[in-house]
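Subject: Handover of a structure and its findings

Dear colleague,

Please find below the structure that I am handing over to you.

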Amino acid sequence: MALFQIFLMSVLSFCAAQDDDIMTPVVNIYSELNELKASIAELKTDLIAAKNELQEQKSLVQDLRKQIKESPKVAFTVSMSETESASRGPYTTETKLIFDKVLTNVGDAYNPATGVFTAPVKGVYYFRYSGSAFSTHDMGLSIFKGTKRFVSSYEYNSSDRNDQMSNGAVMELDVGEQVYMNLWIRSWIFVDRRYNYSTFTGYLLYPLETA
């Protein structure tokens, strides 16, 4: 009888131990829930930051679109017209070249009657020219900013059949400042009636704020 009692107590003790293991949770639910809440709060913060950044990017894009739309459009490419291919020069004095054949004149800042570009807005501009001539005479060309020679090119009378030259410059111009081309003394430039070998080009890179 005593042996049976001892066996019964052992069985009961084992069952009680098993019940305790079953009822004890494997994880702490409250701790996990708090961690989940913290993660959700962090995600909300990141989402708000991302929305704010996206809104800033949209505002920047809108500002750029507005600047592009409102920015003045200035660009021209001109050549010289002749009914037959011919040359201008040589002259006994340095002479302004009149590029009267307009290929492009966005903004109408270039005057084909005078050969002069007048800056419509304060800004940074780029100008470039090309020249072509037969080698029987020298060819000298200069871009002028107002009354000052800015950049030049020169090709002397050589044994080559044809001479080609080009040059360019970036200029900062105030409103009303003028830019034009001069042909040097005792030099000439070829004017073809179809191919536009000799040209003058300029365009606004970007405007500058006025004081």
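The notes below go from the chain as a whole to its aromatic side chains and then to its surface.

Please bear in mind that this is a predicted model.

The chain as a whole

The protein chain contains 13 strands and two helices. Of its 211 residues, 27% are buried. Where contacts link residues at least 6 apart in sequence, 73% of them join residues at least 24 apart. The accessible surface of the protein chain comes to about 14200 Å², and 57% of this is supplied by carbon and sulfur atoms.

Aromatic side chains

There are 14 aromatic pairs in the structure. One of them is formed by Phe117 and Tyr125, whose rings lie 5.5 Å apart, centre to centre, with 65° between the planes, an edge-to-face arrangement. Both Phe117 and Tyr125 are buried.

A further pair consists of Tyr154 and Trp184; it counts as stacked because the planes are at 15°, and the cut-off for stacking is under 30 degrees. The centres of these two rings are 5.3 Å apart. Tyr154 belongs to strand E9 (residues 148-155), while Trp184 sits in the loop between strand E11 (178-183) and strand E12 (189-191), so this pair ties together parts of the chain that are 30 residues apart in sequence. Tyr154 is partly exposed, at 42% relative accessibility. Trp184 is likewise partly exposed, at 25%.

Phe117 and Tyr125 also belong to one aromatic cluster, together with Phe76, Phe99, Tyr110, Phe127 and Phe200.

Another aromatic ring, that of Tyr180, has a charge placed over it: the charged end of Lys96 is 4.9 Å from the ring centre.

A nonpolar patch on the surface

Four residues, Val170, Tyr203, Leu205 and Tyr206, make up a nonpolar patch on the surface. Together they have about 370 Å² of accessible area. Which strand gives the most to this patch? Strand E13 (residues 199-207) does, with three residues. Tyr203 is located in strand E13, and its relative accessible area of 33% makes Tyr203 partly exposed. This value also passes the patch criterion of over 30% relative accessible area.

Yours sincerely

Conventions. Residues are numbered from 1 along each chain as its sequence is written. This is a predicted model: local features need pLDDT of at least 70, side-chain atom pairs count only at pLDDT 80 or more; totals for chains, interfaces and linings use all residues. Side-chain values use heavy atoms; hydrogens and water are left out. Helices (H or I, at least four residues) and strands (E, at least two) are DSSP runs, numbered from the N terminus. Buried means under 20% relative accessible area, exposed over 50%, partly exposed in between (1.4 Å probe, protein chains only). Contact means heavy atoms within 4.5 Å. Accessible areas come from the Shrake-Rupley method with a 1.4 Å probe; for residues, only the protein chains shown count as cover. Rings of Phe, Tyr and Trp (its six-membered ring) pair if their centres lie within 6.5 Å; planes under 30 degrees apart count as stacked, over 60 as edge-to-face and the rest as tilted. A charge sits over a ring if NZ of Lys or CZ of Arg is within 6 Å of the ring centre and within 35 degrees of the ring normal. Patches are made of residues with over 30% relative accessible area and no salt bridge: like charges are joined within 9 Å, nonpolar side chains (Val, Leu, Ile, Met, Phe, Trp, Tyr) within 5 Å. A salt bridge is a side-chain nitrogen of Lys or Arg within 4 Å of a carboxyl oxygen of Asp or Glu.
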